[in-house]
Amino acid sequence: MSEPGIPLSDLDYGAEEEQAVLEVLRRRWLSTGPEVAAFEAGVAGLLGVRHAVAVANGTAALHLALLALGIGPGDEVIQPAINFVAAANVTRATGATPVLADIVGIEEPVLDPAELERRLTPRTRAVVVMHYGGYATRLEAVAEFCRARGLFLIEDACHAIGGRTRPDGPMSGSLGDIACFSFFSNKNLAIGEGGMVTTDNPELLAAVTKLRSHGMTSLSWERHRGHASGYDVTVHGYNYRMDDVRAALGRAQLAKLLPNNEKRRELTRLYRRLLAEVPGLVLPFREADIAASACHLMPVVAPSAAARDAMAEALKAQGIQSSRHYPAISGFTAFAEAAGNRLPHSIDYAGRTLTLPLFPTMTEAQVRRVAEAVTNAMPAALAA
Ligand SMILES: *Cc1c(COP(=O)(O)O)cnc(C)c1O
């Protein structure tokens with residue numbers, strides 16, 4: 001009899017989430033309303049920032065962040081080549097140009113601060129930094145560069161809610177001019193589809209709030225409560241709103257976030273102990289302080305692309321799901337203009353990385369099973 005499989009990620013959902021949704025259904029107000037406001041206040045409180053605006057998803061959050069900063073045609077936005085494609089896509093959607101920059105190296109797949117000087121042009125307006133896997137190891141250096149050069153800093157903090165730059169450092173999402181979060185099903189705080197924009201800047205708050213809902217000056221919830229009667233449309237906006245059902249799930253998940261991040265850290269420490277001696281295997285962020293990380297992902301880097309693929313196959317044969325975060329953006333057809341860029345570390349990393357299962361309800365026994373499968377796959381993988 002074979003053992004049950006191990007998914008890449010899994011939800012920590014229970015009676016709290018069911019109860020939260022039931023309350024919204026019984027209140028009979030489904031769209032943006034009191035749950036959204038309470039969820040926004042909860043996230044702002046966690047991060048220690050002044051404002052949080054809930055939106056439909058993390059991609060919408062990034063789009064609104066760029067628009068609120070006035071990024072558009074003719075502007076360049078420096079961003080890491082190893083990222084989910086959302087930031088690069090919405091940069092294009094504003095009419096601006098994403099300028100892909102390299103990562104520090106395969107041991108630290110985050111935007112290399114030394115790249116910023118090399119990629120800077122008179123058209124550079126902003127930098128997007130992404131806290132890969134929950135590790136914001138270079139955020140403070142990137143923030144310093146942006147401050148010195150008068151560039152806007154956007155944090156793509158979709159991996160990093162509840163994480164910090166250092167154990168006693170600022171929260172991820174609190175250093176940039178504006179930060180973006182995703183609450184997609186596989187994120188540390190999961191509600192299906194959802195996102196958040198956070199900022200200390202009241203002007204950015206006003207711009208994001210308005211663009212979130214068609215450029216209108218009031219929400220239907222405000223009109224419902226008699227706080228507004230009509231509205232004007234002052235900019236060309238979108239419908240990027242979050243609904244109250246998802247916000248209620250978000251509040252239930254927010255209550256579990258910090259303990260669940262701690263569980264992720266414990267499992268990550270165990271993985272690192274078990275995988276430390278596997279020949280040829282690189283564990284990214286080995287030097288980073290796990291206590292600061294949101295530990296969203298557990299990436300490993302194989303000695304070659306063939307070894308990585310062989311390892312993934314061996315895991316799959318034992319019912320263990322794995323993934324790749326991420327293909328280099330410069331390799332995508334829609335970003336072919338970036339293909340000539342010098343991005344050696346990003347291309348090397350994308351070719352050899354493999355993400356192992358990690359989720360807060362994962363057991364130590366499951367971590368041991370995955371680590372054993374990786375260890376056993378290595379000799380054949382090396383020969384591949
Ligand atoms: C998930 C994610 C996004 C996109 O968020 P969605 O909610 O799926 O739109 C963007 N950037 C990163 C780093 C992500 O992990």
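## Ligand site and selected residues

R286 is partly exposed, with a relative accessible area of 45%; buried means under 20% relative accessible area, exposed over 50%, and partly exposed in between, with a 1.4 Å probe and protein chains only. This is a predicted model, in which local features need pLDDT of at least 70 and side-chain atom pairs count only at pLDDT 80 or more, while totals for chains, interfaces and linings use all residues. Residues are numbered from 1 along each chain as its sequence is written, and side-chain values use heavy atoms, with hydrogens and water left out.

Let us stay with R286 for a moment. Its place is the loop between helix 9 and strand 10; helices (H or I, at least four residues) and strands (E, at least two) are DSSP runs, numbered from the N terminus.

For F285, the loop is given as running between helix 9 (244-275) and strand 10 (298-301), and L283 lies between helix 9 and strand 10. F285 counts as buried because its relative accessible area is 2%, and L283 counts as buried because its relative accessibility is 3%. From F285 to G194 the C-alpha distance is 28 Å, at 91 residues apart in sequence. From L283 to A310 the C-alpha distance is 18 Å, at 27 residues apart along the chain.

Now to the ligand. Which residues are closest to the ligand? They are G58, T59, D156, S182 and K187, out of 15 residues that surround it; a residue is near a molecule if one of its heavy atoms lies within 4 Å of it. That shell divides into 6 nonpolar, 7 polar and 2 charged residues. Here Ala, Val, Leu, Ile, Met, Phe, Trp, Tyr, Cys and Pro count as nonpolar, Asp, Glu, Lys and Arg as charged, and the others, Gly among them, as polar. Helix 3 (residues 58-68) gives the most to the shell, with 3 residues.

| Side chain | Distance to a ligand oxygen atom |
|---|---|
| S182 | 2.7 Å |
| H159 | 3.0 Å |
| Y326 | 3.4 Å |

The protein covers 92% of the 380 Å² of accessible area that the ligand has on its own, with areas from the Shrake-Rupley method and a 1.4 Å probe; for residues, only the protein chains shown count as cover.

Y326 also has a backbone feature. A cis peptide bond joins H325 and Y326, with omega about 0 degrees. Y326 is placed in the loop between helix 10 (305-317) and helix 11 (344-352). Most residues other than glycine have a negative phi, and most peptide bonds are trans.

What is the phi of R28? It is near 60 degrees, a positive value in a residue other than glycine. R28 sits in the loop between helix 1 (15-27) and helix 2 (34-47), and R28 counts as exposed because its relative accessibility is 71%. H214 is not a glycine either, yet its phi is positive, at about 65 degrees. H214 lies in the loop between helix 7 (202-212) and helix 8 (220-224), and a relative accessible area of 34% makes H214 partly exposed.

Finally, is V374 buried or exposed? V374 counts as buried because its relative accessibility is 0%. V374 is part of helix 12 (residues 364-383). The C-alpha atoms of V374 and A314 are separated by 8.0 Å, although these residues are 60 residues apart along the chain.

Conventions:
Polar contact = N/O pair within 3.5 Å; in protein donor to acceptor, adjacent residues only side chain to side chain.
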